[in-house]
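Colleague: Let's go through the cavities here. I want each label tied to its cut-off.

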Amino acid sequence: MTHTYQLTGMTCSGCEATVKSKLLALSDIQEVTVSQHTNTATITMSKHIGINTLQAALGGPTGKYQIQETAQMEPTAKTPSWLATYKPLLLVFMFITGVSVLTSGFNLMHFMNTFMAGFFLTFSFFKLLDIKGFAESYAMYDVVAKRVKLYGYVYPFLELALGIAFVTSFKPFYTNIATIVVMSISVIGVLQSVLNKRKIQCACLGAVFNLPMSTVTIIEDTLMIVMSAVMLYLL
């Protein structure tokens, strides 16, 4: 069943990510869509959850976020397909792959270098569009950002620096080592979230797109680690 509620207290995309994560922590909730612009939360649940339980998950009656039933609980459209959900991410990968193929020909090293540069520059761009929203979403699952909030604000700049390093071929050995370290740390949190079946928002494209955490994110991070390892081997 799917219901739409009034939800006040959200002021930014970071608030949207926080509310969504808190609600998805409830075991019977399957999908959550929130909007600060319309002050609504659309919740799909396997069985009915009372409004008091929802409010408790958001911090209780005196919390920042207040949820209320609407005059008429209206069903919403069905859950989008896998392809529709991950369309932004797939388009980004297709674009980066296409450019890498066109500029590298049959040179594997050049292809991987271009792909890595495109990946980090593009993904850092989306994170920097709303760095606060990204940092708050990232802190929900990353093992370092959970403990050191500043890391969530620094991470987009780490990706930007790696992208520039690959573009300029700056000290390839150290650049690839840094990539393996950064992406290995990132994939740990992703693995924990997926294995624990936590239904939270993936911050890979920042807070701009509403992408759920899944094995797609694991593949994305692992691909970067594998490419860097291969490039180190070929140096």
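This is a predicted model: local features need pLDDT of at least 70, side-chain atom pairs count only at pLDDT 80 or more; totals for chains, interfaces and linings use all residues.

Modeller: Residues are numbered from 1 along each chain as its sequence is written, and side-chain values use heavy atoms, with hydrogens and water left out.

Colleague: What makes a space a cavity, and how many cavities of 30 Å³ or more are there?

Modeller: On a 1 Å grid over the protein atoms alone, a cavity is a set of points where a 1.4 Å probe fits but cannot get out.

Colleague: How do you know the volume of the largest cavity?

Modeller: Grid points are joined across faces, edges and corners, and the volume is the space filled by probe spheres set on the points. That gives about 90 Å³ for the largest cavity.

Colleague: Why are Y155, S186, C204, E220 and D221 called lining residues of the largest cavity?

Modeller: Because lining residues have an atom within 4 Å of a point. The lining has 15 residues, and those five lie nearest the centre. α5 (108-129), α7 (149-168), α8 (172-195) and α9 (215-234) each give two or more; such helices are DSSP runs (H or I, at least four residues), numbered from the N terminus.

Colleague: Which residues line the second largest cavity?

Modeller: N113, A165, F166, S169, F170, P172, T175, N176 and M231. The volume is about 50 Å³. α8 gives the largest share, three residues.

Colleague: What makes five of that lining nonpolar?

Modeller: Ala, Val, Leu, Ile, Met, Phe, Trp, Tyr, Cys and Pro count as nonpolar, Asp, Glu, Lys and Arg as charged, and the others, Gly among them, as polar. So the second largest cavity's lining has five nonpolar, four polar and no charged residues.

Technical notes:
On a 1 Å grid over the protein atoms alone, a cavity is a set of points where a 1.4 Å probe fits but cannot get out, and a pocket is an open set with protein on both sides within 12 Å along at least five of seven lines; lining residues have an atom within 4 Å of a point.
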